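Biologist: I am new to this structure. Please show it to me, and then I will ask my questions.

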Amino acid sequence: MRLRSLRPYHYPALNSGGPIALQPRPIASRLGRLTAPPVFVAATLLLGACRGGGDTVVVGLAGPFSEARGRSMLLAARLAVSEINAAGGVRGRQLVLEVEDDSASNARAIATALKLRDDPNVVAVVGHLTSGTTIAAADIYNSGANPVVELSPSASNPDLTGIGRFTFRVCATDLLHGTALARFAFQRLGARTAAVIYLNDDYGRGILGTFGEEFRRLGGTIDEADPVLAGGAEVGPYLERIQRTARAQVLILATDRATGAAVLRQARGRGIALPAMGGDALSGIQSEGALAQGVYFSSNYLPERPSAR
């Protein structure tokens, strides 16, 4: 079953990272490339000029590759490398990936960052995938005698901004996602009261904070905000309260896709049919079929590629 068709709702950028669009229906499946725009690639290579050597350019790749979201990142990176190398590489040198799995763990991310930073062949690191691991690893990449560029494709927590000279992101921040979600809920869905279930990590708290601030500014009320563990452990007590009070008009899922789907499954099983919304980490939830009916999520897009919106 397809989600309801609705034109994407665009908001101008509030910070670096460009505009985002709310996607209320499935998007054609595509393998997104995680290579940075040319300006970022050039900057990365220049900043790493004092590292590496030989006939190859070694780039670290850090993410949770044992998870579905990490596997997508790994496949996209490998595809980008193969295309770049097929076209002649970087000034005649072949790109090579040094892959490290951080398991979406802050502790593991720190160990990974130490290994990649201290490898003299690594000129830069693409990663990490999540906000928490990117922030945790930033101190490592930005310290030592030879700091290394850390370039995240998807870490959206605002706290990452300015965290270090060698840390960058190429996506919109939660200042955009949370604000866009709040405006869509209030102005398009007509919701005045929201219930929020959020991952108790940097990403979930980031969406919770920016959504709540804008939703209240518009005149809305956060009826409750409840934390959940990754994977969507039993949230029955939260859902029972939402059902009993019957005040919430929209359910905000500040979670990743797997957790969001688990919460939705429990909510729908209890007969809670509220429209649900979430940030970019819900991307791909449309593959859940009927469960995703009535779900909206915000998504980054590239203005120069209208077909990818």
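Biologist: Which backbone oxygen does the side chain of Thr 210 reach at 2.8 Å?

Modeller: This is a predicted model, where local features need pLDDT of at least 70, side-chain atom pairs count only at pLDDT 80 or more, and totals for chains, interfaces and linings use all residues. Residues are numbered from 1 along each chain as its sequence is written, and side-chain values use heavy atoms, with hydrogens and water left out. A polar contact is a pair of N or O atoms within 3.5 Å; within protein, one must be able to donate a hydrogen and the other to accept it, and residues adjacent in sequence count only if both atoms are side-chain atoms. At 2.8 Å, the side chain of Thr 210 reaches the backbone oxygen of Asp 174.

Biologist: Is Thr 210 buried or exposed?

Modeller: Thr 210 sits in helix H6; helices (H or I, at least four residues) and strands (E, at least two) are DSSP runs, numbered from the N terminus. Buried means under 20% relative accessible area, exposed over 50%, and partly exposed in between (1.4 Å probe, protein chains only). Thr 210 has 8% relative accessibility, so it counts as buried.

Biologist: Which residues does Thr 210 contact, leaving aside neighbours within four places in sequence?

Modeller: Contact means heavy atoms within 4.5 Å. The side chain of Thr 210 also reaches the backbone oxygen of Ile 207, at 3.4 Å. With neighbours within four places left aside, the contacts of Thr 210 are Asp 174, Leu 175, Gly 178 and Thr 179.

Biologist: How many residues of H5 are buried?

Modeller: H5 covers residues 174-188 and has 15 residues. Its buried residues include Asp 174, Gly 178 and Thr 179. H5 is largely enclosed by the rest of the structure, because the buried residues number twelve of the 15.

Biologist: At the start of H5, which backbone nitrogen does a side-chain oxygen of Thr 173 reach?

Modeller: Take both ends of H5. Gly 190 follows the helix, and its phi is positive, near 70°. At the start, a side-chain oxygen of Thr 173 comes to within 3.1 Å of the backbone nitrogen of Leu 175.

Biologist: What separates the C-alpha atoms of Gly 204 and Ala 254?

Modeller: Gly 204 lies in helix H6, residues 202-218. It counts as buried because its relative accessibility is 0%. Not counting residues up to four places away, Gly 204 touches Tyr 198, Leu 199 and Ala 254. Gly 204 and Ala 254 are 50 residues apart along the chain, yet their C-alpha atoms are separated by 4.9 Å.

Biologist: What is the angle between helices H3 and H4?

Modeller: H3 is residues 106-117 and H4 is residues 131-141; their axes lie 8 Å apart. Axes are lines fitted to C-alpha atoms, for helices over the stretch in contact, and angles run from 0 to 180 degrees between N-to-C directions. H3 and H4 pack at an angle of about 35°.

Biologist: How many of the 309 residues count as buried, as a percentage?

Modeller: The protein has eight helices and twelve strands. Of its 309 residues, the buried share is 50%.

Note on methods: The expected span of a helix is 1.5 Å times one less than its number of residues.
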